[in-house]
Amino acid sequence: MDLLSQIVARAKANKQRIVLPEAEEERTLTAADKVLADDIANLILIGNPDKVHALAKEKGLTHIDKATLIDPENYEHSEELAEKLFELRKSKGMTIEQARELVKNPLYLGCMIIKTEGADGQISGALSTTGDTLRPALQIIKCSPGITCVSGAMLMITKQPQYGENGVLVVGDVAVTPMPDAAQLSQIAVCTAQTAKSVAGFADPRVAMLSFSTKGSAKHEVVDKVVEATRLAKELDPSLKIDGELQADAALVPGVGAKKAPGSDIAGKANVLVFPNLEVGNIGYKLVQRLGDAVAIGPILQGIARPVNDLSRGCSVDDVYYMVAITACQAMDSKK
């Protein structure tokens, strides 16, 4: 069974409640119909009921009635949620009138439903920007305990089974934080290892903190940052298997790892790679994807107390479908 099939199977085995706040969008609704047909998750769709039903009829979608459909303009719990949002944000200057307007916004409404335990995760982005997706999540759901830095991980499915976990690697950050300091980088390491467990199904995440230096082979302040981040990650999660700083070849190739970092439990065995900054991460994964013909799945947002994921506005129906399963796997883990 390939990785995506494994992720779907785990989602089906423990169904979560996932909000799709862009239910009037064609790809989203088509994916929702497929999710419901395959019984992967319990869906909460937010949108105008007339528009949603008309689109479903036009596209021949026959399973949409299995979802809970919420009209953001006429939701019976709007006032209750507005009052809760006001309490959450009044110290930041929000008025009750502003809160009432915001809960009509599907992205805010979905996050408030999650905040009040009515759902387990949310996916948007087919119509919305990353900023629009993240803003309500950070204002309402907030970050996980001990985490202040949101980041994005990518699942890389390569054709090189000798590397990572039978050719699968989890890498981060590739999407959110441009220039993390040592503390933020340590959090990215911990969160990316957690994504490797909850989504990729790794029983034993082994984290390499990447640099252009291995164990002091080069001296520079950016190397020092990676060394410090490695130390802080161990403090943040003492059970984490992590080492750094390591060059990419030392992290992945056993012979190189043994030569450059003798005695390391991670060198040559890493299945989770943490990049020193977003520029390196984004360029690196796209080079592997294009030149190495690898499959890249994500980005998967991490560090939020309940999963909220962001789609590309160019996403496909399959992208939405699999992101529902991914978000469900994260949601299971966030409840532990």
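A residue counts as buried when its relative accessible area is under 20%, and as exposed when that is over 50%. Keep in mind that this is a predicted model.

Start by selecting strand E8, residues 241–246: five of its six residues are buried. To see the two strands side by side, pick Leu-210 and find Leu-246 opposite, in E8. Next, bring in helix H9, residues 221–236; together, E7, H9 and E8 make a right-handed β-α-β unit.

Time to show the whole sheet. This open sheet has six strands in the order E8-E7-E9-E6-E5-E10, and the pairing is mixed. E8 and strand E10 (295–302) are the edge strands, each pairing on one side only. From one strand to the next, the twist averages 20°. Then select E6 (residues 168–172) and E9 (residues 272–274), which run parallel and are joined by three bridges. Here Val-170 stands opposite Val-272 in E9.

Last stop: helix H3, residues 49–59. Its buried residues are Val-52, Leu-55 and Ala-56. Look down the axis of H3: these buried residues fall within an arc of 100°, so they line one face of the helix. Show helix H2 (26–38) and strand E3 (68–70), which are among what covers them. On the face turned away from the buried side, select the exposed residues Asp-50, Lys-57 and Glu-58.

Finish with the two ends of H3. At its start, a side-chain oxygen of Asn-48 comes within 2.9 Å of the backbone nitrogen of Asp-50. Just after H3, Gly-60 has a positive phi of about 70°.

Key:
Residues are numbered from 1 along each chain as its sequence is written. This is a predicted model: local features need pLDDT of at least 70, side-chain atom pairs count only at pLDDT 80 or more; totals for chains, interfaces and linings use all residues. Side-chain values use heavy atoms; hydrogens and water are left out. Buried means under 20% relative accessible area, exposed over 50%, partly exposed in between (1.4 Å probe, protein chains only). Helices (H or I, at least four residues) and strands (E, at least two) are DSSP runs, numbered from the N terminus. Two strands pair if DSSP finds at least two bridges between them. A crossover is right-handed if, with the strands pointing away from the viewer, the path from the first strand over the helix to the second runs clockwise. Axes are lines fitted to C-alpha atoms, for helices over the stretch in contact, and angles run from 0 to 180 degrees between N-to-C directions. The arc is that of the directions from the helix axis to the C-beta atoms. Contact means heavy atoms within 4.5 Å. A polar contact is a pair of N or O atoms within 3.5 Å; within protein, one must be able to donate a hydrogen and the other to accept it, and residues adjacent in sequence count only if both atoms are side-chain atoms.
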